[in-house]
Amino acid sequence: MTTRATDPDKATEARVIDPRSNDRLAASLFAEVLIADQLSRNLISKALPKGMQISHFSVLNLLAHVNEERTPAQLAEAFHITRGAMTNTLSRLEWAGHVHIRPDWDDARRKFVSISTAGRAARDAAIAAFMPLIAGVVRDIGAERVRGALPVLRELRLRLEADPPRPAD
């Protein structure tokens, strides 16, 4: 159903949008995002080197990308998880020799985390293991279609990060 715009100078038509249609669209979008997340995590998990979990790879990837130390609290915030969950992940990474954890010399209550040489090598091995798989998916879908989807997915992520959504009036 369409209706003419109220401004006579405009020759465009404004669409009347049924709120139920938007609800169905939102449900479909989030269903696809959640299913794609689950399937991609499964694909990547199977390709990761033995003993590495996606959470381990994610921390190593962030530390390699920023190339600076981070506190456990900063890492927990970056991944939207509890400090306890991050502490557990960091303990496993430290045990494997993938990160270095040192005290803050100015504040003994804080620690700093950095990626080790072994951690960088483990991250690179993980990328080498799963990159052909995800590159194949992009190739099959088509690079232009993927490029077209990225702005929408990026905006969705940014909106969810910035402000938890509120119900419509």
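Author: Let us begin with a criterion: angles of 65 to 115 degrees between axes count as roughly perpendicular. The structure shown is a predicted model.

Reader: Why are H2 and H5 called roughly perpendicular to each other?

Author: The axes of helix H2 (residues 54-66) and H5 cross at roughly 115°. The range for roughly perpendicular runs from 65 to 115 degrees, and H2 and H5 are therefore placed in that class. Their axes come within 9 Å, and H2 passes H5 in a left-handed crossing.

Reader: Which residues make the contact between H2 and H5?

Author: On H2 they are Phe-57, Leu-60, Asn-61 and Ala-64. H5 contributes Gly-119, Arg-120, Ala-122, Arg-123, Ala-126, Ile-127 and Phe-130. By class, this contact comprises seven nonpolar, two polar and two charged residues.

Reader: What makes Arg-123 buried?

Author: Arg-123 has a relative accessible area of 18%. Buried means under 20%, so Arg-123 counts as buried. The residue is located in helix H5, which spans residues 117-141.

Reader: Which residues does Arg-123 touch, leaving aside those up to four places away in sequence?

Author: Arg-123 is in contact with Met-52, Phe-57, Leu-60, Asn-61 and Ala-64.

Reader: Why is Asn-61 called partly exposed?

Author: The relative accessibility of Asn-61 is 26%. Partly exposed covers what lies between the limit of under 20% for buried and that of over 50% for exposed, so Asn-61 counts as partly exposed. Asn-61 belongs to helix H2 and, with residues up to four places away in sequence not counted, touches Arg-123 and Ile-127.

Reader: How far apart are Asn-61 and Ile-115 in sequence and in space?

Author: Asn-61 and Ile-115 are separated by 54 residues in sequence, while their C-alpha atoms are 9.1 Å apart.

Reader: In what order do the elements of the protein chain run?

Author: The protein chain has six helices and four strands. From the N terminus on, their order is β-β-α-α-α-α-β-β-α-α.

Reader: How many of the residues of the protein chain count as buried, and what is the accessible surface?

Author: Of its 169 residues, 20% count as buried. The accessible surface of the protein chain is about 12,800 Å², with 57% belonging to carbon and sulfur atoms. As for contacts between residues at least 6 apart in sequence, 49% join residues at least 24 apart.

Methods
Residues numbered from 1 in each chain as written. Predicted model: local features only at pLDDT ≥ 70, side-chain atom pairs only at ≥ 80, totals over all residues. Heavy atoms only, no water. Helix = DSSP H or I, 4+ residues; strand = E, 2+ residues; numbered from the N terminus. Buried < 20%, exposed > 50% of the residue type's maximum accessible area, 1.4 Å probe, protein only. Contact = heavy atoms within 4.5 Å. Axes fitted to C-alpha atoms, helices over the stretch in contact; angles between N-to-C directions. Parallel < 35°, antiparallel > 145°, perpendicular 65-115°, else oblique. Left-handed = near helix turned anticlockwise from the far one by under 90°. Nonpolar A, V, L, I, M, F, W, Y, C, P; charged D, E, K, R; others polar. Areas by Shrake-Rupley, 256 points an atom, 1.4 Å probe, with all protein chains shown as cover.
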